[in-house]
Amino acid sequence: MKKSYSVIYIAFLILISWVVNAESATFLVFGGKSGWFGNETIKIVEREGHIAICAHSRLENREEIIEELSEVRPDFIINAAGITGRPNIDWCEDHKEETICANVLGCLNLIDIAWRQGIHVTNFGTGCFYDFDEDHPMGSGKGFKEEDEPNHFSSFYSRTKVYLEKIMLNYPNVLNLRFRMPVSFDYHPRNFIVKISRYKKVINIPNSLSVLEDLLPIAVDMTLKRKKGNYNFTNPGAISHNDVLELYKLYVDPDFTYSNFSAKEQGLILKAGRSNCELDVSKLLKDYPNIPHIRDSIIKALQEMHRLKLSKSSN
Ligand SMILES: NC(=O)c1ccc[n+]([C@@H]2O[C@H](COP(=O)([O-])OP(=O)(O)OC[C@H]3O[C@@H](n4cnc5c(N)ncnc54)[C@H](OP(=O)(O)O)[C@@H]3O)[C@@H](O)[C@H]2O)c1
């Protein structure tokens, strides 16, 4: 009964959009129900006048996906589903089978089915499998390019993403976007700014970060344009933890204090090593030259967070 309602609802959405706007496309979004990126993507797809349908099938269930595709008949699939671990990626160290099932087998399953049906898939991937090295020293501004081999394998989560990427990119229907350390203009608990402002101690290393407000609309646009292949998907430039927190003091909370520890000391409290690197985004900037530098975008995020804080305290 519940399922027939959902079929009617999807048909209704498609019909309405066809009447209102013959140009609108249907996006099936995996990870849209409970996921951070998926949820935000659905809002953007709808804001742009398209239909976003939240996928209910599990990535590893072939029959379920095939049935859902025949019901929804999407023009595009966005895969924002995957295991990220709770409270963080350390979880994956002790849940390797579940992590492989979703992040490798499941994602490949979805891509393979979509390829057989001629449907484009935009996969939300990660660039968290690099560490600064001799050829890409910290602070040099020389970032890792899409074709550089990963060199960070000390977390199981990152390893599954490397395995996935290497196989996935053989499919001609795939666009893979490598996000890193996401930032949003709100107090989402997984916003990088919120996370590091709540840690007892932070490392101080410059990194490439992805500001969702800047990049998710671009992800939707790239999907509509059926772009393919691999893209580093962060804002240009890198910013250190201390720089972000100094800006936090300036724009949000002048009384805020923080203290640092070394990456070696951080390693003692984590199960899995964390990637620290800068990505080269020249490929992305060729098509989207106006993506703001990370420092400018962090300032905008902090200004918006300050505004939210004031409006909350005045309520
Ligand atoms: N957030 C980050 O720091 C970050 C950075 C770079 C890249 N990424 C990548 O971007 C993607 C989205 O990240 P996110 O932060 O939005 O993750 P998230 O908030 O943890 O959401 C993940 C979503 O995936 C769904 N999911 C997990 N396993 C699934 C399966 N087997 N079948 C179907 N759905 C499944 C979850 O649904 P259930 O709860 O129902 O399982 C959830 O809706 C992930 O692949 C992540 O690795 C994230």
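Begin by selecting α2 (36-47), β4 (120-126) and α6 (156-168), each of which supplies at least two residues of the shell around the ligand. Helices (H or I, at least four residues) and strands (E, at least two) are DSSP runs, numbered from the N terminus. Strand β4 gives the most to this shell, with three residues.

This is a predicted model, in which local features need pLDDT of at least 70 and side-chain atom pairs count only at pLDDT 80 or more, while totals for chains, interfaces and linings use all residues. Residues are numbered from 1 along each chain as its sequence is written, and side-chain values use heavy atoms, with hydrogens and water left out.

**The ligand**

Next, select the 24 residues around the ligand; F37, E60, T84, Y157 and R190 come nearest. A residue is counted as near if one of its heavy atoms lies within 4 Å of the molecule. By class, the shell holds eleven nonpolar, eight polar and five charged residues. Here Ala, Val, Leu, Ile, Met, Phe, Trp, Tyr, Cys and Pro count as nonpolar, Asp, Glu, Lys and Arg as charged, and the others, Gly among them, as polar.

Now display the distances from the ligand. An oxygen atom of the ligand is 2.6 Å from an N or O atom in the side chain of T84. For the side chain of R58, the distance from a ligand oxygen to an N or O atom is 3.0 Å. At F37, a polar backbone atom is 2.8 Å from an oxygen atom of the ligand. The protein covers 84% of the 890 Å² of accessible area that the ligand has on its own (Shrake-Rupley method, 1.4 Å probe).

**Helix α3**

Move to R62, which is located in helix α3 (residues 62-72). Leaving aside its neighbours within four places in sequence, R62 is in contact (heavy atoms within 4.5 Å) with N109, D112, I113 and R116.

Select α8 (residues 212-224), a helix of 13 residues. Its buried residues include L212, L215, I218 and M222. Just after α8, R226 takes a positive phi of about 55°.

Finally, select α9 (residues 241-251), where H241, N242, V244, L245, L247 and Y248 are buried. These buried residues pack against α7 (192-198) and α12 (294-314).

Key: The expected span of a helix is 1.5 Å times one less than its number of residues. Buried means under 20% relative accessible area, exposed over 50%, partly exposed in between (1.4 Å probe, protein chains only). A polar contact is a pair of N or O atoms within 3.5 Å; within protein, one must be able to donate a hydrogen and the other to accept it, and residues adjacent in sequence count only if both atoms are side-chain atoms.
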